[in-house]
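Please look over the sequence and the model, then read on.

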Amino acid sequence: MTTEAVLADCRARLAFDLLSHTWNAVVLWALRDGPRRPVELREQIGGISSKVLTETLRRLQFNGLVTRQGFPGAPPRVEYRLTALGRSLLGPIDAVGAWAFEHGDEVMAAQEAGCTDVRDG
């Protein structure tokens, strides 16, 4: 893939957009072991509001990465699961996570140095 391809190819930009949204990768990763109800996802993920989780799940469903299955009953319940397309993103998400684990301290040090430079400058 060339630089021109990334800038011009909508598919490449789409992939980067899917992974760059704050909660997309986190929710996909949380679904890797099987279907989950929204309350289970919130407990597993932590730090995500019901509203943001709902928006994220709808966005992932719109993009064909998760499916929603409703079950009758009182109260009715729903579960979300990865599609084959969503499962295909687990490898790239794992690779980014491994990179972050290896280089996270360096990034945080650079951020701290940048904060210090801004305050001192």
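## Confidence and basis

pLDDT is the predictor's confidence in each residue, on a scale from 0 to 100. The mean pLDDT of the protein chain is 88, and 88% of its residues reach 70 or more.

This is a predicted model, in which local features need pLDDT of at least 70 and side-chain atom pairs count only at pLDDT 80 or more, while totals for chains, interfaces and linings use all residues. Residues are numbered from 1 along each chain as its sequence is written, and side-chain values use heavy atoms, with hydrogens and water left out.

## Overall layout

The protein chain has seven helices and two strands. Both kinds of element are DSSP runs, numbered from the N terminus: helices are H or I with at least four residues, strands are E with at least two. Along the sequence the pattern reads α-α-α-α-α-β-β-α-α. Among these elements, helix H1 (residues 3-8) has the lowest mean pLDDT, 57. Helix H6 (residues 84-87) has the highest, 97.

The protein chain has 121 residues, and 24% of them count as buried. Buried means under 20% relative accessible area, exposed means over 50%, and partly exposed lies in between (1.4 Å probe, protein chains only). The chain exposes about 8,400 Å², of which carbon and sulfur atoms supply 58%. These areas come from the Shrake-Rupley method with a 1.4 Å probe; for residues, only the protein chains shown count as cover.

## The nonpolar core

A nonpolar core is a set of buried Ala, Val, Leu, Ile, Met, Phe, Trp, Tyr and Cys residues joined through side-chain atoms within 4.5 Å. The largest one here holds 21 residues. Val 27, Leu 28, Leu 31, Leu 41, Ile 45 and Val 66 touch the most other members. Two or more residues come from each of helix H3 (24-30), helix H4 (38-45), helix H5 (50-62), E2 and helix H7 (90-120). The largest share, four residues, comes from H3.

What does Leu 31 contact, leaving aside its neighbours within four places in sequence? Its partners are Arg 36, Leu 41, Val 66, Tyr 80, Leu 82 and Arg 87. Contact means heavy atoms within 4.5 Å.

The buried residues of H5 are Leu 53, Thr 56, Leu 57 and Leu 60. They cover an arc of only 100° around the axis, so they sit on the same side of H5. That arc is taken from the directions from the helix axis to the C-beta atoms. These buried residues pack against H3, H4, E1 and E2. On the other side of H5, Lys 51, Arg 58 and Phe 62 are exposed.

Thr 56 has a relative accessible area of 0%. Not counting residues up to four places away in sequence, Thr 56 touches Trp 23, Asn 24 and Val 27. Arg 59 also lies in helix H5. At 24% relative accessibility, Arg 59 counts as partly exposed. Beyond its neighbours within four places in sequence, Arg 59 is in contact with His 21 and Asn 24.

## Backbone details

Just after H5, Gly 64 takes a positive phi of about 80°. A cis peptide bond joins Ala 74 and Pro 75, with omega about -5°. Pro 75 is found in the loop between strand E1 (66-71) and strand E2 (77-82). Most peptide bonds are trans, and most residues other than glycine have a negative phi.
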